[in-house]
Amino acid sequence: MAKRVILAVAGAGKTYHICHEIDPTKKNLILAYTHENIHNIQKELCDAHGCVPDLTRVMTFDAFVYHNLILPYEPSIADHFSKTSFISRGICLTDPPPQRIKNKNGEMSYNPLYVKKDKLAHYVTKNYQYYCTNLSELALQIKQGRESLVKRAATRLNMFYDYVLIDEFQDFREYDYVLITELAKYLDEILLVGDYYQHSVSARNNTGKPFKTKTGDAAYADFVKGLRKVGFDVDTTVLSKSRRCSVDVCKYISEKLGIDITSTGDHEGKVIFADDFADDVLKNDYITKLVYSDAAKYSFPALNWSYAKGDTMDCACVILTKDFEELDRDQFFIKEIYNSTLNKLYVAMTRSRGDLYLIKYSTFKKLRDSYIKD
(Lines give C-alpha, C1' and ligand atoms only; values in the text may rest on other atoms or scores of the structure.)
Protein backbone atom coordinates (compact mmCIF):
# COMPACT_ATOMS: atom_id res chain seq x y z
CA MET A 1 0.00 0.00 0.00
CA ALA A 2 1.47 3.37 -1.07
CA LYS A 3 0.52 6.60 0.70
CA ARG A 4 2.37 9.58 -0.73
CA VAL A 5 2.32 13.35 -0.35
CA ILE A 6 4.13 15.65 -2.77
CA LEU A 7 4.69 19.14 -1.37
CA ALA A 8 5.03 21.62 -4.22
CA VAL A 9 5.80 25.30 -4.71
CA ALA A 10 3.64 27.73 -6.68
CA GLY A 11 3.92 27.20 -10.41
CA ALA A 12 5.68 23.83 -10.10
CA GLY A 13 2.86 22.09 -11.99
CA LYS A 14 0.82 20.20 -9.39
CA THR A 15 -2.12 19.54 -11.69
CA TYR A 16 0.22 18.90 -14.62
CA HIS A 17 2.11 16.29 -12.61
CA ILE A 18 -1.03 14.43 -11.58
CA CYS A 19 -2.55 14.41 -15.06
CA HIS A 20 0.61 13.46 -16.94
CA GLU A 21 1.80 10.83 -14.47
CA ILE A 22 -1.38 8.73 -14.31
CA ASP A 23 -1.63 5.50 -16.27
CA PRO A 24 -4.72 5.97 -18.49
CA THR A 25 -5.23 2.19 -18.60
CA LYS A 26 -5.73 2.12 -14.82
CA LYS A 27 -8.84 3.06 -12.85
CA ASN A 28 -8.01 6.50 -11.48
CA LEU A 29 -10.07 8.72 -9.19
CA ILE A 30 -8.93 12.36 -9.09
CA LEU A 31 -10.42 14.65 -6.45
CA ALA A 32 -10.14 18.39 -5.86
CA TYR A 33 -11.75 20.99 -3.63
CA THR A 34 -13.41 23.38 -6.10
CA HIS A 35 -15.20 23.14 -9.44
CA GLU A 36 -12.52 25.42 -10.90
CA ASN A 37 -9.89 22.86 -9.88
CA ILE A 38 -11.96 20.15 -11.56
CA HIS A 39 -12.16 22.16 -14.79
CA ASN A 40 -8.36 22.65 -14.78
CA ILE A 41 -7.81 18.93 -14.19
CA GLN A 42 -10.12 17.94 -17.04
CA LYS A 43 -8.39 20.38 -19.38
CA GLU A 44 -4.95 19.08 -18.39
CA LEU A 45 -6.06 15.46 -18.87
CA CYS A 46 -7.22 16.32 -22.37
CA ASP A 47 -3.87 17.99 -23.10
CA ALA A 48 -2.00 14.94 -21.79
CA HIS A 49 -4.12 12.12 -23.21
CA GLY A 50 -6.33 13.69 -25.89
CA CYS A 51 -9.39 13.35 -23.65
CA VAL A 52 -10.32 12.39 -20.13
CA PRO A 53 -9.37 8.67 -20.11
CA ASP A 54 -12.36 6.31 -19.99
CA LEU A 55 -11.24 4.70 -16.74
CA THR A 56 -10.50 8.01 -14.97
CA ARG A 57 -13.11 9.80 -12.85
CA VAL A 58 -12.76 13.43 -11.80
CA MET A 59 -14.99 14.98 -9.12
CA THR A 60 -15.11 17.44 -6.26
CA PHE A 61 -14.43 16.08 -2.81
CA ASP A 62 -17.95 16.93 -1.65
CA ALA A 63 -19.46 14.96 -4.54
CA PHE A 64 -17.11 12.07 -3.79
CA VAL A 65 -18.12 11.90 -0.12
CA TYR A 66 -21.82 12.17 -0.91
CA HIS A 67 -21.85 9.48 -3.62
CA ASN A 68 -19.30 7.08 -2.10
CA LEU A 69 -19.50 7.42 1.68
CA ILE A 70 -23.05 8.63 2.38
CA LEU A 71 -25.64 7.39 -0.12
CA PRO A 72 -24.42 3.75 -0.31
CA TYR A 73 -24.49 3.54 3.50
CA GLU A 74 -27.73 5.36 4.24
CA PRO A 75 -29.28 2.29 5.95
CA SER A 76 -26.30 2.25 8.33
CA ILE A 77 -26.75 5.98 8.94
CA ALA A 78 -30.43 5.43 9.73
CA ASP A 79 -29.58 2.58 12.12
CA HIS A 80 -26.89 4.64 13.85
CA PHE A 81 -29.44 7.32 14.77
CA SER A 82 -32.31 4.84 15.33
CA LYS A 83 -34.24 6.35 12.41
CA THR A 84 -35.17 3.20 10.48
CA SER A 85 -37.57 5.04 8.18
CA PHE A 86 -35.06 7.73 7.17
CA ILE A 87 -34.73 8.32 3.41
CA SER A 88 -32.78 11.37 2.29
CA ARG A 89 -33.87 13.87 -0.33
CA GLY A 90 -30.62 15.09 -1.79
CA ILE A 91 -28.11 17.63 -0.55
CA CYS A 92 -28.35 21.18 0.78
CA LEU A 93 -25.70 23.85 0.16
CA THR A 94 -26.79 26.15 3.00
CA ASP A 95 -24.87 25.99 6.27
CA PRO A 96 -26.41 24.28 9.31
CA PRO A 97 -27.33 26.40 12.36
CA PRO A 98 -24.11 27.30 14.22
CA GLN A 99 -23.70 26.47 17.89
CA ARG A 100 -23.27 30.11 18.89
CA ILE A 101 -24.65 33.34 17.43
CA LYS A 102 -24.54 37.03 18.25
CA ASN A 103 -27.38 38.31 20.44
CA LYS A 104 -28.95 41.78 20.36
CA ASN A 105 -26.05 43.15 22.39
CA GLY A 106 -23.50 41.81 19.92
CA GLU A 107 -22.33 39.13 22.34
CA MET A 108 -21.96 35.45 21.45
CA SER A 109 -24.66 33.24 22.95
CA TYR A 110 -26.07 29.74 22.51
CA ASN A 111 -28.17 29.22 19.37
CA PRO A 112 -31.48 27.47 20.20
CA LEU A 113 -31.65 26.13 16.62
CA TYR A 114 -28.37 24.26 16.97
CA VAL A 115 -28.66 20.45 17.09
CA LYS A 116 -25.99 18.36 18.83
CA LYS A 117 -23.73 16.00 16.90
CA ASP A 118 -25.34 12.85 18.28
CA LYS A 119 -28.62 13.69 16.52
CA LEU A 120 -29.43 13.07 12.86
CA ALA A 121 -30.78 16.63 12.58
CA HIS A 122 -27.20 17.89 13.00
CA TYR A 123 -26.48 16.48 9.53
CA VAL A 124 -29.80 16.86 7.68
CA THR A 125 -32.42 19.58 7.26
CA LYS A 126 -36.06 19.27 8.25
CA ASN A 127 -36.66 18.23 4.63
CA TYR A 128 -34.11 15.38 5.01
CA GLN A 129 -31.48 16.98 2.82
CA TYR A 130 -27.86 16.46 3.89
CA TYR A 131 -25.91 19.58 4.85
CA CYS A 132 -22.98 19.58 2.43
CA THR A 133 -20.61 21.10 5.00
CA ASN A 134 -21.28 18.25 7.46
CA LEU A 135 -20.84 15.28 5.09
CA SER A 136 -17.31 14.37 6.19
CA GLU A 137 -18.21 14.74 9.85
CA LEU A 138 -21.16 12.39 9.32
CA ALA A 139 -19.06 9.79 7.47
CA LEU A 140 -16.57 9.73 10.35
CA GLN A 141 -19.33 9.16 12.92
CA ILE A 142 -20.94 6.01 11.54
CA LYS A 143 -20.02 2.49 12.61
CA GLN A 144 -21.54 -0.93 12.05
CA GLY A 145 -20.59 -2.91 15.09
CA ARG A 146 -16.89 -2.21 15.57
CA GLU A 147 -16.20 -1.51 11.89
CA SER A 148 -16.22 2.11 10.77
CA LEU A 149 -18.03 3.31 7.70
CA VAL A 150 -14.71 4.72 6.48
CA LYS A 151 -13.05 1.29 6.48
CA ARG A 152 -16.01 -0.30 4.69
CA ALA A 153 -16.05 2.49 2.10
CA ALA A 154 -12.29 2.22 1.51
CA THR A 155 -12.60 -1.53 0.90
CA ARG A 156 -15.28 -0.78 -1.67
CA LEU A 157 -13.19 1.98 -3.27
CA ASN A 158 -10.25 -0.41 -3.67
CA MET A 159 -12.51 -2.61 -5.79
CA PHE A 160 -13.46 0.25 -8.12
CA TYR A 161 -10.22 2.27 -8.31
CA ASP A 162 -6.53 1.46 -8.63
CA TYR A 163 -5.39 4.95 -7.62
CA VAL A 164 -6.89 7.85 -5.67
CA LEU A 165 -5.26 11.23 -6.28
CA ILE A 166 -6.11 14.53 -4.57
CA ASP A 167 -5.03 17.87 -6.03
CA GLU A 168 -4.52 21.06 -3.95
CA PHE A 169 -4.88 19.06 -0.75
CA GLN A 170 -3.84 22.08 1.35
CA ASP A 171 -7.41 23.34 0.83
CA PHE A 172 -8.83 20.59 3.05
CA ARG A 173 -9.43 21.28 6.73
CA GLU A 174 -10.92 19.81 9.88
CA TYR A 175 -13.29 16.89 9.16
CA ASP A 176 -12.42 16.81 5.44
CA TYR A 177 -8.73 16.48 6.31
CA VAL A 178 -9.38 13.86 8.98
CA LEU A 179 -11.54 11.88 6.57
CA ILE A 180 -8.75 11.88 3.98
CA THR A 181 -6.20 10.61 6.51
CA GLU A 182 -8.61 7.94 7.76
CA LEU A 183 -9.38 6.73 4.24
CA ALA A 184 -5.66 6.65 3.47
CA LYS A 185 -5.17 3.98 6.16
CA TYR A 186 -7.14 1.50 4.06
CA LEU A 187 -6.74 2.64 0.43
CA ASP A 188 -4.28 0.66 -1.68
CA GLU A 189 -2.84 3.68 -3.50
CA ILE A 190 -3.31 7.35 -2.63
CA LEU A 191 -1.38 10.46 -3.66
CA LEU A 192 -1.88 13.98 -2.28
CA VAL A 193 -0.33 16.98 -4.02
CA GLY A 194 -0.37 20.50 -2.58
CA ASP A 195 1.46 23.63 -1.49
CA TYR A 196 1.70 24.27 2.26
CA TYR A 197 2.12 28.01 1.68
CA GLN A 198 -1.14 28.30 -0.23
CA HIS A 199 -3.26 27.23 2.73
CA SER A 200 -5.63 29.75 4.35
CA VAL A 201 -6.09 31.51 1.02
CA SER A 202 -9.51 30.31 -0.16
CA ALA A 203 -12.66 32.21 0.78
CA ARG A 204 -13.82 29.34 3.02
CA ASN A 205 -12.27 26.51 4.97
CA ASN A 206 -9.43 28.66 6.30
CA THR A 207 -9.22 27.57 9.92
CA GLY A 208 -8.48 24.47 11.94
CA LYS A 209 -6.59 21.22 11.55
CA PRO A 210 -3.97 20.57 10.18
CA PHE A 211 -2.72 24.16 9.91
CA LYS A 212 -3.96 25.38 13.28
CA THR A 213 -3.00 23.88 16.62
CA LYS A 214 -3.90 24.67 20.22
CA THR A 215 -0.80 26.85 20.43
CA GLY A 216 -1.18 28.63 17.07
CA ASP A 217 -0.23 28.08 13.43
CA ALA A 218 1.45 24.81 12.46
CA ALA A 219 4.88 25.52 11.01
CA TYR A 220 6.02 23.82 7.80
CA ALA A 221 8.21 21.33 9.70
CA ASP A 222 5.35 20.49 12.05
CA PHE A 223 3.00 19.99 9.12
CA VAL A 224 5.41 17.55 7.45
CA LYS A 225 5.93 15.75 10.75
CA GLY A 226 2.16 15.41 11.15
CA LEU A 227 1.77 13.87 7.69
CA ARG A 228 4.51 11.35 8.37
CA LYS A 229 2.96 10.52 11.74
CA VAL A 230 -0.28 9.40 10.05
CA GLY A 231 1.67 7.20 7.64
CA PHE A 232 2.41 9.28 4.53
CA ASP A 233 5.71 9.29 2.67
CA VAL A 234 6.40 13.00 2.10
CA ASP A 235 8.30 14.13 -1.02
CA THR A 236 9.62 17.70 -0.99
CA THR A 237 11.83 17.47 -4.11
CA VAL A 238 9.79 16.36 -7.16
CA LEU A 239 7.87 19.66 -7.38
CA SER A 240 10.29 21.93 -5.52
CA LYS A 241 10.98 24.34 -8.42
CA SER A 242 8.56 26.77 -10.04
CA ARG A 243 8.15 26.42 -13.79
CA ARG A 244 6.18 29.67 -13.87
CA CYS A 245 8.23 32.22 -11.94
CA SER A 246 11.66 33.50 -12.86
CA VAL A 247 14.85 33.02 -10.87
CA ASP A 248 14.76 36.65 -9.68
CA VAL A 249 11.13 36.52 -8.57
CA CYS A 250 11.64 33.26 -6.67
CA LYS A 251 14.78 34.58 -5.00
CA TYR A 252 12.97 37.73 -3.87
CA ILE A 253 10.02 35.78 -2.44
CA SER A 254 12.39 33.43 -0.64
CA GLU A 255 14.37 36.30 0.90
CA LYS A 256 11.43 38.51 1.87
CA LEU A 257 8.69 36.03 2.82
CA GLY A 258 10.89 33.24 4.13
CA ILE A 259 9.38 30.70 1.73
CA ASP A 260 11.73 28.17 0.16
CA ILE A 261 10.98 28.54 -3.55
CA THR A 262 13.38 28.25 -6.49
CA SER A 263 12.92 28.38 -10.25
CA THR A 264 13.55 26.05 -13.17
CA GLY A 265 14.64 29.14 -15.10
CA ASP A 266 12.13 28.61 -17.91
CA HIS A 267 11.10 32.29 -17.90
CA GLU A 268 12.79 35.63 -17.40
CA GLY A 269 11.38 38.34 -15.16
CA LYS A 270 12.47 41.04 -12.74
CA VAL A 271 10.99 42.38 -9.50
CA ILE A 272 10.31 46.06 -10.14
CA PHE A 273 9.08 48.62 -7.60
CA ALA A 274 6.91 50.88 -9.74
CA ASP A 275 6.17 53.73 -7.34
CA ASP A 276 7.90 56.31 -9.57
CA PHE A 277 5.69 55.38 -12.54
CA ALA A 278 2.69 53.80 -10.82
CA ASP A 279 0.13 55.59 -13.03
CA ASP A 280 1.69 54.11 -16.16
CA VAL A 281 1.49 50.60 -14.72
CA LEU A 282 -2.11 51.02 -13.50
CA LYS A 283 -3.19 52.24 -16.93
CA ASN A 284 -1.44 49.40 -18.75
CA ASP A 285 -4.04 46.66 -19.32
CA TYR A 286 -1.30 44.21 -20.33
CA ILE A 287 -0.20 44.16 -16.69
CA THR A 288 -2.71 42.36 -14.47
CA LYS A 289 -3.28 44.19 -11.17
CA LEU A 290 -3.61 42.22 -7.93
CA VAL A 291 -5.16 43.95 -4.92
CA TYR A 292 -5.79 42.60 -1.45
CA SER A 293 -9.60 42.93 -1.70
CA ASP A 294 -12.50 44.67 -3.50
CA ALA A 295 -10.96 44.24 -6.95
CA ALA A 296 -14.30 44.86 -8.67
CA LYS A 297 -14.50 48.48 -7.52
CA TYR A 298 -11.52 49.60 -9.62
CA SER A 299 -11.66 50.76 -13.22
CA PHE A 300 -8.55 48.79 -14.16
CA PRO A 301 -8.80 44.98 -14.59
CA ALA A 302 -7.90 43.48 -11.23
CA LEU A 303 -8.10 40.37 -9.07
CA ASN A 304 -7.96 39.91 -5.32
CA TRP A 305 -4.73 38.34 -4.11
CA SER A 306 -6.43 35.15 -2.99
CA TYR A 307 -8.72 34.85 -6.03
CA ALA A 308 -5.66 34.72 -8.29
CA LYS A 309 -4.80 31.27 -6.93
CA GLY A 310 -4.33 28.88 -9.84
CA ASP A 311 -3.90 31.65 -12.44
CA THR A 312 -0.88 32.32 -14.65
CA MET A 313 -0.23 35.79 -16.07
CA ASP A 314 2.30 37.15 -18.55
CA CYS A 315 2.95 40.14 -16.33
CA ALA A 316 1.51 41.16 -12.95
CA CYS A 317 1.49 44.10 -10.58
CA VAL A 318 0.86 43.49 -6.88
CA ILE A 319 -0.49 46.46 -4.96
CA LEU A 320 0.86 46.02 -1.45
CA THR A 321 -0.97 46.58 1.83
CA LYS A 322 0.23 48.69 4.74
CA ASP A 323 1.83 45.58 6.31
CA PHE A 324 4.34 45.47 3.45
CA GLU A 325 5.16 49.17 3.17
CA GLU A 326 8.80 48.44 4.07
CA LEU A 327 9.13 45.33 1.90
CA ASP A 328 11.94 46.88 -0.14
CA ARG A 329 14.08 47.57 2.93
CA ASP A 330 16.73 45.24 4.34
CA GLN A 331 15.22 45.50 7.84
CA PHE A 332 11.78 44.24 6.76
CA PHE A 333 10.54 41.45 9.07
CA ILE A 334 7.55 39.16 8.69
CA LYS A 335 7.20 38.12 12.35
CA GLU A 336 4.27 40.44 13.13
CA ILE A 337 2.29 39.57 10.00
CA TYR A 338 -0.41 36.88 10.02
CA ASN A 339 0.48 33.71 8.11
CA SER A 340 -2.78 33.92 6.17
CA THR A 341 -1.78 37.40 4.91
CA LEU A 342 1.70 36.20 3.96
CA ASN A 343 0.20 33.25 2.09
CA LYS A 344 -2.12 35.52 0.11
CA LEU A 345 0.81 37.74 -0.87
CA TYR A 346 2.79 34.63 -1.84
CA VAL A 347 -0.08 33.60 -4.13
CA ALA A 348 -0.20 37.08 -5.70
CA MET A 349 3.57 37.33 -6.21
CA THR A 350 3.78 33.92 -7.90
CA ARG A 351 1.26 34.51 -10.68
CA SER A 352 3.55 36.15 -13.25
CA ARG A 353 5.69 34.23 -15.70
CA GLY A 354 7.44 37.50 -16.53
CA ASP A 355 8.10 40.76 -14.66
CA LEU A 356 6.56 41.34 -11.25
CA TYR A 357 5.72 44.97 -10.48
CA LEU A 358 5.12 46.09 -6.90
CA ILE A 359 3.38 49.30 -5.82
CA LYS A 360 3.48 50.44 -2.20
CA TYR A 361 0.34 51.12 -0.18
CA SER A 362 1.32 54.77 0.35
CA THR A 363 1.76 55.33 -3.38
CA PHE A 364 -1.51 53.69 -4.38
CA LYS A 365 -3.41 55.56 -1.66
CA LYS A 366 -2.59 58.85 -3.41
CA LEU A 367 -3.87 57.52 -6.77
CA ARG A 368 -6.70 55.24 -5.63
CA ASP A 369 -9.65 57.64 -5.88
CA SER A 370 -9.04 58.30 -9.59
CA TYR A 371 -9.35 54.55 -10.29
CA ILE A 372 -12.52 53.85 -8.30
CA LYS A 373 -15.56 53.26 -10.51
CA ASP A 374 -18.39 55.81 -10.36
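Cysteine 132 is buried, at a relative accessible area of 10% (buried means under 20%, exposed over 50% and partly exposed in between, with a 1.4 Å probe and protein chains only). Cysteine 132 is in no disulfide, and the nearest cysteine sulfur, on cysteine 92, sits 8.9 Å away (a disulfide takes a pair of cysteine sulfur atoms within 2.5 Å). Keep in mind that this is a predicted model, where local features need pLDDT of at least 70, side-chain atom pairs count only at pLDDT 80 or more, and totals for chains, interfaces and linings use all residues. Residues are numbered from 1 along each chain as its sequence is written, and side-chain values use heavy atoms, with hydrogens and water left out.

**Cysteines**
- The disulfide count comes to zero by that rule.
- Cysteine 46 is in no disulfide either, with the nearest cysteine sulfur, that of cysteine 51, 6.4 Å away.
- Cysteine 46 has 35% relative accessibility, so it counts as partly exposed.

**Helix α3**
- The buried set in α3 is Phe61, Phe64, Val65, Tyr66, Asn68, Leu69 and Ile70.
- As background, an α-helix has 3.6 residues a turn, so residues three or four places apart point the same way.

**α6 against α7**
- The axes of α6 (residues 149-160) and α7 (residues 174-184) come within 9 Å and cross at roughly 60 degrees (axes are lines fitted to C-alpha atoms, for helices over the stretch in contact, and angles run from 0 to 180 degrees between N-to-C directions).
- That makes α6 oblique to α7 (under 35 degrees is roughly parallel, over 145 roughly antiparallel, 65 to 115 roughly perpendicular, and the rest oblique).
- Val150, Ala154 and Leu157 of α6 touch Leu179, Glu182 and Leu183 of α7 (contact means heavy atoms within 4.5 Å).
- By class, that contact has five nonpolar residues, no polar and one charged (Ala, Val, Leu, Ile, Met, Phe, Trp, Tyr, Cys and Pro count as nonpolar, Asp, Glu, Lys and Arg as charged, and the others, Gly among them, as polar).

**α9 against α11**
- α9 (residues 247-257) and α11 (residues 339-349) pack at about 170 degrees, their axes 11 Å apart.
- α9 and α11 are therefore roughly antiparallel.
- Val249, Tyr252, Ile253 and Leu257 in α9 meet Leu342, Leu345, Tyr346 and Met349 in α11.
- The α9 contact with α11 comes out as eight nonpolar, no polar and no charged residues.

Key: Helix = DSSP H or I, 4+ residues; strand = E, 2+ residues; numbered from the N terminus.
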